[in-house]
Amino acid sequence: MDFYKEKLLTVITESEIEEHLVEDFDKLGAKGYTISLARGKGEKGIRNAIWSSNSNIKIEIICCPKVCEKIVEFLKANYLKNYAMILFVADVDVLRPSKF
Amino acid sequence: MNIVNPIILFFLFGVIIGLLRIKLCLPRQIYDFVTILLLLSIGLKGGVEMSKLSLGFLFPQIVTALAMGFLLPFIAYPVLRYLGRFSLADSASIAAHYGSVSVGTFAVAISFLISKNIPFEKHMALFLVLLESPAILAGIFLARGFSQKTKWKEVFHEAFLDKGIILMLGGLLIGWIIGPSGALIIKPLFFDMFNSILALFLFEMGLIASSQIGSLKRHALFLIGFGILMPMFSSLIGVLIGCWLGLSIGGMTIFATLAASASYIAVPAAMRISIPEANPTLSIASSLGITFTFNVLVGIPLYYSLAQKVFIILGR
């Protein structure tokens with residue numbers, strides 16, 4: 001089977017900024033994303049999602065390295081300082097590169 | 001203390017469970033459902049009563065309520081900034097929370113008045129809707145001034161299109177259109193079950209409030225003082241304005257409660273977007289952990305007796 005290399009960008013952050021982030025991702029060239037509710041503990045304390053102001057989301061975006069870099073730079077400039085946000089990038093193999 | 005009311009006991013039950021660190025909470029979807037029901041019920045109740053009133057009668061009250069919501073943060077801000085020594089962003093954000101209102105506190109005040117057979121103007125829900133947003137604008141103004149950088153379009157979106165405001169506004173409109181006779185068929189869920197829904201809601205609020213108190217840390221002492229004294233001061237303003245508007249003692253109590261309550265849903269979300277450098281833990285811990293708890297347990301009966309005294313002193 002033929003696989004193609006793409007990037008998987010995972011962002012774990014505050015659920016309150018979801019709408020804004022999603023808009024930004026669209027503008028920066030992401031063709032799609034998956035969002036799930038998340039809870040856990042980090043530098044900003046336990047975020048146990050018992051109500052909306054205290055819940056996290058995990059956004060996963062598979063995209064080409066160029067778009068990935070653009071999004072990471074954008075998040076660095078606009079969100080990392082003031083929001084609870086963790087992001088990491090991994091290499092992934094996909095079957096249909098045209099989808100990303 | 002407001003303790004004999006079963007709704008308050010549910011709240012205390014939630015607080016105790018939270019303090020004992022017993023892992024229990026309403027499932028997220030149920031909590032959302034209970035919140036939606038509560039918001040719609042409050043809107044509907046207010047709307048049905050509004051259908052009996054004219055806009056000319058309501059207009060001065062609407063303008064006064066909006067002005068109060070916008071101006072309260074300007075009182076809270078210098079206290080936070082110069083006495084509390086908070087950063088500009090934190091002071092503006094916390095001040096915005098205290099100018100806005102809390103639906104839960106409003107609902108408890110309504111339930112308190114009904115349980116004591118104290119009459120009040122039933123269109124007070126209108127003020128609850130109106131008072132959500134002006135403080136958000138005031139908070140952003142305090143933090144940013146008339147800066148070119150402020151994205152006012154986004155700000156207005158956050159301030160006026162919050163889900164809670166939309167639900168209450170929807171309820172108000174539906175209630176206003178259908179009137180008392182039309183409301184009969186939806187009465188069982190939205191009207192008769194109000195106190196049961198509120199009890200569930202307050203149980204969850206108790207859990208959340210107790211989980212917030214521990215996060216105050218460094219500023220704990222100041223914020224505990226602020227979280228109790230600020231609502232008491234605001235309630236006095238609310239009572240006086242309510243009296244000036246010609247409200248009954250019950251109406252003055254609710255107006256005072258609205259002035260005294262601090263937001264923990266609409267404002268935190270708006271502040272997170274508009275003043276991201278403000279620390280959300282500070283404002284939520286004080287508005288929910290301290291002020292909500294204080295208002296529910298002690299504040300509301302206190303504001304009622306304050307309203308009674310002002311009513312007599314001003315010879316109404």
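A salt bridge is a side-chain nitrogen of Lys or Arg within 4 Å of a carboxyl oxygen of Asp or Glu. The model is predicted: local features need pLDDT of at least 70, side-chain atom pairs count only at pLDDT 80 or more, and totals for chains, interfaces and linings use all residues. Residues are numbered from 1 along each chain as its sequence is written, chains are lettered from A and ligands numbered from 1 in the order in which they are written, and side-chain values use heavy atoms, with hydrogens and water left out.

**Exercise 1. Give the strand order of the open sheet in chain A and identify its edges.**

Step 1. The order of the 4 strands is E2-E5-E1-E6, with antiparallel pairing; two strands pair if DSSP finds at least two bridges between them.

Step 2. Strand E2 (34–38) and strand E6 (85–94) of chain A each have a single partner strand, so they stand at the edges with one side lacking a neighbour in the sheet.

Step 3. Strand E1 (residues 4–14) of chain A is joined to E6(A) by 10 bridges. A:Ile12 is placed opposite A:Ile86 in E6(A).

**Exercise 2. Describe the interface between chain B and chain A.**

Step 1. Contact (heavy atoms within 4.5 Å) involves 18 residues of chain B and 14 residues of chain A.

Step 2. The buried area, meaning the accessible area (1.4 Å probe) that two parts lose on being put together, summed over both, is about 1400 Å², and carbon and sulfur atoms give 56% of this area. On the side of chain B, B:Arg28, B:Arg272 and B:Ile273 lose the most area to chain A, together 39% of what that side buries.

Step 3. Between the two chains the count is 1 salt bridge. The side chains of B:Arg272 and A:Glu14 meet in a salt bridge at 2.6 Å, N to O.

Notes: Helices (H or I, at least four residues) and strands (E, at least two) are DSSP runs, numbered from the N terminus.
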